[in-house]
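Biologist: I'd like to go through this one with you, feature by feature. Can you show me how to read it?

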Amino acid sequence: MPQESREGGSMPARKKVAQPQPEPEPAYKARAASPGERITLPVQQLSTLIHQMRNPITTLNMLAKLLQKHLPPEDRNHWIGLSIEKECKRLQDLLGEFERLDGVPGPLQLRPLALTDLLQEWIPLYQALAETQGHRFQAVLPSLLPPVQVDPRALRQVLDNLIDNACKYTPPPGTIQLRVEVRPAEEEANEPARQEVWIAVCDSGPGIHPENLERIFDPFFRADLTKPGQGLGLAISRDLATQMGGDLQVESSPQGSCFRLRLPQAS
């Protein structure tokens, strides 16, 4: 019934106002990681993602084989179908590894490899990636390179991340350069003289702000939130470089950035 006011009149009953309810927390969300901390997806969520990824990869593999049939080996574009098929196989192997290990990557398989052969296989892909985004791609390799002690999949992942970032953060038309150098390694007592191989990925972009350089390798750190990505590529790349016995460094100026990957010479 209506309430009485202080003046003796009746007052309408107050309407109850619904209070806004907080949105439920997602099962998993990105967060800043403390130094050295590993962040993994829940096993059930990871299994679901892996399952969902298999169908489009299978479709891409089928289209790659179809493309090869329509482009005979003498066609100058025949390599595209072959490369797509190889990339699908690489993705399938990675998914299989994650399924076996519940989302925790296994130890790297380090072995002596001829770096020149690997780069000559990958450079056409990097050139295509750069050119489709309006950039000019350059590859500078010495005539002779010593074998390096690496995991080929890990090395490919590091270079993929570096080339992709260079293309993504460089306004077109820009220049993306992959340059390989051989330098003497720091000598240790009672150790024979050795060499190191340095792979530099440089761009002509606006550079990285000095305040961001200290955090550029932190997991989930993103210097530019307008660009796609999760901020994990550089953190993963440095971790893989360390596991291969090397290092990943960065130098930057308003004229561009340069990421340098150091790799040890094979024994």
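This is a predicted model: local features need pLDDT of at least 70, side-chain atom pairs count only at pLDDT 80 or more; totals for chains, interfaces and linings use all residues.

Biologist: Which other stretch has pLDDT under 50?

Modeller: Residues 3–9, and for these the model has 6 contacts beyond four places in sequence. For the protein chain, the mean pLDDT is 82, with 78% of residues at 70 or more.

Biologist: OK, now the overall picture. How many helices and strands does the protein chain have?

Modeller: There are 6 helices and 9 strands. Of the 267 residues in the chain, 34% are buried. The chain exposes about 17,500 Å², and carbon and sulfur atoms supply 54% of that. If you take contacts between residues at least 6 apart in sequence, 67% of them join residues at least 24 apart.

Biologist: On to the sheet. In what order do the strands of the open sheet run?

Modeller: Read across it and you get β4-β6-β7-β9-β8, 5 strands with mixed pairing. At the edges sit β4 (136–140) and β8 (247–253), each of which pairs on one side only. From one strand to the next, the twist averages 15°.

Biologist: Let me zoom in on one pair. How many bridges join β7 to β9?

Modeller: It's 7, between residues 195–203 of β7 and residues 256–264 of β9, and the two strands run antiparallel. To find your place there, take Glu 196: its bridge partner in β9 is Pro 264.

Biologist: And which strands does α4 lie across?

Modeller: α4 lies across β4, β6 (175–184), β7, β8 and β9, and it runs at about 30° to β7.

Biologist: Is Asn 161 buried or exposed?

Modeller: Buried: its relative accessible area is 18%, and the cut-off for buried is under 20%. Leaving aside neighbours within four places in sequence, Asn 161 is in contact with Gly 233 and Ser 237.

Biologist: Now charges. How should I read a salt bridge?

Modeller: The general idea is that side chains of opposite charge can pair when their charged atoms come close. This structure holds 12 salt bridges. One of them joins the side chains of Glu 121 and Lys 86, at 3.7 Å from N to O. Glu 121 lies in helix α3 (residues 115–132) and Lys 86 in helix α2 (residues 78–100), so the pair ties together parts 35 residues apart in sequence.

Biologist: What are the relative accessibilities of Glu 121 and Lys 86?

Modeller: Glu 121 has 39% and is partly exposed; Lys 86, at 48%, also counts as partly exposed.

Biologist: Which residue does Arg 90 form a salt bridge with?

Modeller: With Asp 160, the closest N and O atoms being 3.1 Å apart. That pair links distant parts of the chain, with Arg 90 in helix α2 and Asp 160 in helix α4, 70 residues apart. At 19% relative accessibility, Arg 90 counts as buried. Arg 90 and Asp 160 also belong to a network of salt bridges with Glu 87 and Arg 156.

Methods
Residues are numbered from 1 along each chain as its sequence is written. Side-chain values use heavy atoms; hydrogens and water are left out. pLDDT is the predictor's confidence in each residue, from 0 to 100. Contact means heavy atoms within 4.5 Å. Buried means under 20% relative accessible area, exposed over 50%, partly exposed in between (1.4 Å probe, protein chains only). Helices (H or I, at least four residues) and strands (E, at least two) are DSSP runs, numbered from the N terminus. Accessible areas come from the Shrake-Rupley method with a 1.4 Å probe; for residues, only the protein chains shown count as cover. Two strands pair if DSSP finds at least two bridges between them. Axes are lines fitted to C-alpha atoms, for helices over the stretch in contact, and angles run from 0 to 180 degrees between N-to-C directions. A salt bridge is a side-chain nitrogen of Lys or Arg within 4 Å of a carboxyl oxygen of Asp or Glu.
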